Amino acid sequence: MATTEEVSGAEHFVPADASELDQLRAAAARCRGCHLYRDATQTVFGRGTADARVVMVGEQPGDVEDVHGLPFVGPAGRVLRRAVDDAELDPAHLYITNAVKHFKFKSTGTRRLHQTPELVEIRACHPWLVAEFALLRPEVVVVLGATAAKALLGPSFRVTRSRGEVLPWPDSAQRPQDFPEHPAKLVATIHPSAVLRADDRDAAYEGLVADLKVAARALSR
Ligand code: SF4
């Protein structure tokens, strides 16, 4: 169990005067805001353009992402890329990041098994999300799964109940005051890794694509 000292939070590592995402990315590489940096290979920060029309927020990097230092380059990322294409979202207009920026895992000796971040780790990493959104002006925010929903919308938000609905952003955020008053829309859906775990992968995939199509339609033409 992490001690209070170990989860002091990312706040002191976020440069107050950052005007570019690359400045945040460089600073996040040195973050010690919680204990997750110790076992992970590196910080995996968001990627994409600052003028992205769609910002997607996932959970945390996985094993492959941890090695490569890039979000959504593993199996779940492949599912997401296919779903983005099938929903006719332009990948050039995406910025993609995670609620928690270090890989949390349990080692079995030969494998590193993903572990869901605790609320305390999500909160510790929250300043990075806030800093990213301070530099982004999306038209649509896509929340991928329960951890991202916890980070942005609060623990009572249920993806299963509200997925595929267009909600106001930042008004639907748990703490709207943390985010710029740039009016946007928000759509929640499952994390693409849920497709890989589903008994009926085809149905889960079609559900993901349907939700992303809602996000695509929410963009102004
Ligand atoms: S998970 Fe977030 S808060 Fe914790 S060390 Fe990594 S970047 Fe910092």
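Helix H3 passes helix H8 in a right-handed crossing, a term used when the near helix is turned clockwise from the far one by less than a right angle. Helices here are DSSP runs of H or I with at least four residues, numbered from the N terminus. This is a predicted model, in which local features need pLDDT of at least 70, side-chain atom pairs count only at pLDDT 80 or more, and totals for chains, interfaces and linings use all residues. Residues are numbered from 1 along each chain as its sequence is written, and side-chain values use heavy atoms, without hydrogens and water.

Let's stay with this pair. H3 covers residues 75-86 and H8 residues 201-218; their axes come within 9 Å and cross at roughly 50°. The axes are lines fitted to C-alpha atoms over the stretch in contact, with angles from 0 to 180 degrees between N-to-C directions. In contact (heavy atoms within 4.5 Å), Val 79, Leu 80, Arg 82, Ala 83, Val 84 and Asp 86 of H3 meet Tyr 205, Leu 208, Val 209, Leu 212 and Lys 213 of H8.

Now turn to a second pair. The axes of H4 (residues 119-135) and H5 (residues 146-153) come within 9 Å and cross at roughly 70°, so these two helices are roughly perpendicular to each other. H4 also passes H5 in a right-handed crossing. On the H4 side you will find Leu 119, Ile 122, His 126, Leu 129 and Phe 133, which meet Thr 147, Lys 150, Ala 151 and Leu 152 in H5.

Definitions and conventions: Parallel < 35°, antiparallel > 145°, perpendicular 65-115°, else oblique.
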